[in-house]
Amino acid sequence: MHPASPEAIVHAEKAQLDFARRMSYGDYLHLDQILSAQHPLSGAHDEMLFIIQHQTSELWMKLMLQELAAAIDDVRQRRLPPAFKKLARASRIMEQLVHAWDVLATMTPPEYSAIRPYLGPSSGFQSFQYRGIEFALGNKNAAMLKPHAHHPERLALVRQFYEAPSLYDEALRLLHDSGLPIPASHLQRDWTQPYAASDAVQQAWLAVYRAPEAHWQLYQLAEKLTDLEDAFRLWRFRHVTTVERIIGFKPGTGGTSGVDYLRKMLGVTLFPELWALRTAL
């Protein structure tokens with residue numbers, strides 16, 4: 001018995017083949033628009049890699065912003081199981097972003113040097129979605145609004161996360177509402193200011209970790225936050241090493257000091273008490 005031909009198999013499966021009047025896979029995903037959005041300027045072979053790596057990262061960031069915004073609202077509304085699901089997804093998105101650097105790291109210094117002059121002052125430093133993620137996670141900085149001042153829609157998105165309580169701010173409100181003593185300074189404050197660590201907040205989290213059965217959902221929330229920052233730290237570290245591998249210690253195209261600036265960002269802690277309590281336990 002001869003195996004069926006590929007064409008016979010397709011017909012036997014009754015697969016839909018005529019899309020003249022029906023929506024196809026490419027139609028649903030708007031692939032014509034997505035796949036025509038790469039416009040290399042240098043003529044260098046490796047510029048396509050550079051463009052696609054950053055475009056796909058921005059798509060993942062779009063999803064991450066959606067998940068973070070929804071998770072923040074879930075925590076605010078005390079819908080914790082759905083919040084846990086969204087935070088777990090956000091951590092997995094960060095893992096995807098971490099591995100994106102693996103592909104870009106195949107670009108060598110001479111290959112990047114061929115396209116760098118064509119980038120002008122553009123830089124990932126100016127990513128409005130990345131800035132929204134940082135603000136949603138509590139790393140507020142008014143200066144980071146300025147790169148988006150020329151574009152009202154982008155500025156509105158970034159400002160939305162800048163002015164609102166962060167994910168961690170909402171977590172602390174939840175601790176307070178659950179009967180744990182959170183200082184008033186951390187419940188009602190200027191949300192546009194960077195978060196300042198508090199011994200009292202650390203003591204509240206310690207109470208959760210010392211009696212997880214009594215505070216199970218808060219304990220789960222704390223670990224979801226720790227997972228998220230862990231993944232975020234890995235992304236920052238991989239960013240630094242990839243940039244150093246490709247351009248060394250040259251200044252960034254956006255005007256920063258490059259690797260030196262990125263190394264400073266490695267020291268930023270988003271949820272400080274959740275890391276400090278490990279030593280106290």
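Let me start with helix α4, residues 47-76, and helix α7, residues 128-136, whose axes come within 9 Å and cross at roughly 30 degrees, and please keep in mind throughout that this is a predicted model. Since angles under 35 degrees count as roughly parallel, α4 and α7 are therefore roughly parallel to each other, and their crossing is left-handed. On the α4 side the contact is made by E58, M61, K62, M64, L65, L68 and I72, while α7 brings in Q129, Y130, G132, I133 and A136. Sorted by class, this contact of α4 with α7 holds eight nonpolar residues, along with two polar and two charged ones.

Next, consider L228, which has its place in helix α11, residues 216-247. L228 is buried, with a relative accessible area of 1%. Leaving aside residues up to four places away in sequence, L228 touches M64, L68, L87, A90, S91, M94, L137 and L167; of these, M64 and L68 also belong to the α4 side of the contact I described with α7.

One of the residues that L228 touches, L167, takes us to helix α9, residues 167-177, where eight of the eleven residues are buried, so that α9 is largely enclosed by the rest of the structure. Those buried residues are L167, Y168, D169, E170, A171, L172, L174 and L175, and they pack against α4, α5 (80-104), α7, α10 (199-210), α11 and α13 (272-280). Finally, if you follow the chain just past α9, you will come to G179, which takes a positive phi of about 95 degrees.

Methods
Residues numbered from 1 in each chain as written. Predicted model: local features only at pLDDT ≥ 70, side-chain atom pairs only at ≥ 80, totals over all residues. Heavy atoms only, no water. Axes fitted to C-alpha atoms, helices over the stretch in contact; angles between N-to-C directions. Helix = DSSP H or I, 4+ residues; strand = E, 2+ residues; numbered from the N terminus. Parallel < 35°, antiparallel > 145°, perpendicular 65-115°, else oblique. Left-handed = near helix turned anticlockwise from the far one by under 90°. Contact = heavy atoms within 4.5 Å. Nonpolar A, V, L, I, M, F, W, Y, C, P; charged D, E, K, R; others polar. Buried < 20%, exposed > 50% of the residue type's maximum accessible area, 1.4 Å probe, protein only.
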